[in-house]
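Welcome! Try each task before reading on.

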Amino acid sequence: MSKPINKIQVFEHQTLHYGREYNAVLFQEKHFNALAKLNELHDNKYFTIVHKGIKFAQYVGVVQIDGLCIEILPKADHSSDDKKVWQGVLIEMLRATKKLKVDNVGNANVNKQNIHLLDIYFEWYLNEIQILIHQGLIKQYYKETNNVKVLKGKLEFAGHIQKNLIHKERFYTTHQVYEKDHLVHQVLGQALCIIEQFSKGNYLYSKCKSVQLDFPEVQPIQANEATFAKIPKSRKTAPYKTALEIARLIILNFAPNVSSGKENMLALLFDMNSLWEEYVLVCLKKAAKNNDLNVAVHGQKSQPFWNGITIRPDIVIEKEDETFIIDTKWKNINGSKPSTDDLRQMYVYNDYWKSTKAMLLYPSNTTTFTKEDFIPFNKITETAHH
């Protein structure tokens, strides 16, 4: 029986020191070493190495290594230190931006005491594979070269002479095979193997083994970024779209070269700056559509600036002859004034897009804003020049 996974929850920008316990879970030096190596492989963007520890940056999500799961949660203000609340915030943002689907997750109820993001992604994936198995897995043609007892396809003369001087009843040919052992299923099978490894000790392990029993035997592969580019897109593979997207996320974030002892690492991390921007954009587009507003909401609309450089505000809202600019900032300014650099940036956006008002949008408990919350162009001009 495998040991259950221990979990440490932290907020972004917090620090973990090895040799210390966090909620009765020990953060060990081997965990620190594995995380430091992972960080190095990703240009040191996930953490900052400090004395006997790591300080997290703006990346949130989950890392699992050697029996330990570290969940990094967003935190935008000082209103609450309730990790369950902020875990719910992260899950909602991932759900809204279609990076996570929790609607059909059964046992991975987010109210469970020890649930974490990997559980939710893993169960989502297993559910998708079960649906595909129920619908019927596709077969595909692919070319195979080997010895067969019946002449079919193209006879490979050089190989035939070399291999069949004794076995004259066989033919060395290249021929088409029509079966379920093809690239799409090999990729899905690799993701299942990773889930099997990382779900040992929790409730998903038996479900994963059950799905593997129903899944066809396929040749094991080591998929990478280039592998996913080779996957054919057709009417037959369309039902596989979601499963392949989750498999891609799992496989490309699996780090077999980053190990502590015999354990491998899996890290699903998201930049909160990008996630916040995408979340606000999705919410605004949804609000415009649901309320039948005659507005156009654009994300990352760029214009040439100088010498090949472009500038782009996060969100541009166009309503008849008016343009509004929104720039999202995932940081807590504690009710103080925006920085001069941020205001100057908004001044440039307003000037280039001929907009009359702009908004610097920070996360807060305030859930609504009105037209009056936008900063008038002349006010930005006045502040920026000071």
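Helices (H or I, at least four residues) and strands (E, at least two) are DSSP runs, numbered from the N terminus. Keep in mind throughout that this is a predicted model.

**Exercise 1. Get an overview**

Task: How many helices and strands does the protein have, and what percentage of its residues is buried?

Solution: 
- Step 1. The secondary structure consists of eleven helices and 20 strands.
- Step 2. Of the 386 residues in the protein, 43% are buried.
- Step 3. Now take the contacts between residues at least 6 apart in sequence: 63% of them join residues at least 24 apart.

**Exercise 2. Look at the aromatic rings**

Task: Describe the pair formed by Tyr-18 and Phe-32, and say which of its residues is buried.

Solution: 
- Step 1. A search of the whole structure gives eight aromatic pairs.
- Step 2. In the pair of Tyr-18 and Phe-32, the ring centres are 5.1 Å apart and the planes make an angle of 45 degrees. The pair counts as tilted because planes under 30 degrees apart count as stacked and those over 60 as edge-to-face.
- Step 3. This pair links distant parts of the chain, 14 residues apart: Tyr-18 sits in the loop between strand E2 (15-17) and strand E3 (20-22), while Phe-32 belongs to helix H1 (residues 29-41).
- Step 4. Phe-32 has 11% relative accessibility and counts as buried, whereas Tyr-18, at 21%, is partly exposed. The cut-off explains this, because buried means under 20% relative accessible area.
- Step 5. Elsewhere, ring pairs link Tyr-46, Phe-47, Phe-56 and Tyr-59 into a cluster. Lys-75 lies over the face of Phe-11, 5.6 Å from the ring centre.

**Exercise 3. Check the cysteines**

Task: How many disulfides does the structure hold?

Solution: 
- Step 1. A disulfide is a covalent bond between the sulfur atoms of two cysteines.
- Step 2. The structure holds zero disulfides.
- Step 3. Cys-69 is buried, with a relative accessible area of 0%. Cys-283, at 33% relative accessibility, is partly exposed.

**Exercise 4. Follow the salt bridges**

Task: Which residue forms a salt bridge with Glu-92, which one with Lys-241, and which one with Asp-342?

Solution: 
- Step 1. The whole structure has nine salt bridges.
- Step 2. Glu-92 pairs with Arg-95, their closest N and O atoms being 2.8 Å apart. These residues are three apart in helix H2 (residues 83-96), which means a separation of about one helical turn. Arg-95 is partly exposed at 31%, and Glu-92 is partly exposed at 31%.
- Step 3. Lys-241 meets Glu-245 at 2.8 Å, N to O. Both lie in helix H8 (residues 241-252), four residues apart, or about one turn of the helix. Lys-241 is exposed at 52%, while Glu-245 is partly exposed at 44%.
- Step 4. Asp-342 meets Lys-329 at 3.6 Å, N to O. Here the pair links distant parts of the chain, 13 residues apart: Lys-329 is in the loop between strand E18 (322-328) and helix H10 (340-353), and Asp-342 is in helix H10. Both Lys-329 and Asp-342 are buried.
- Step 5. Salt bridges that share partners join Asp-327, Lys-329, Lys-331 and Asp-342 into one network.

Terms used
Residues numbered from 1 in each chain as written. Predicted model: local features only at pLDDT ≥ 70, side-chain atom pairs only at ≥ 80, totals over all residues. Heavy atoms only, no water. Buried < 20%, exposed > 50% of the residue type's maximum accessible area, 1.4 Å probe, protein only. Contact = heavy atoms within 4.5 Å. Phe/Tyr/Trp six-rings, centres within 6.5 Å; stacked < 30°, edge-to-face > 60°. Lys NZ or Arg CZ within 6 Å of the ring centre and 35° of its normal. Disulfide = S-S within 2.5 Å. Salt bridge = Lys/Arg side-chain N within 4 Å of Asp/Glu carboxyl O.
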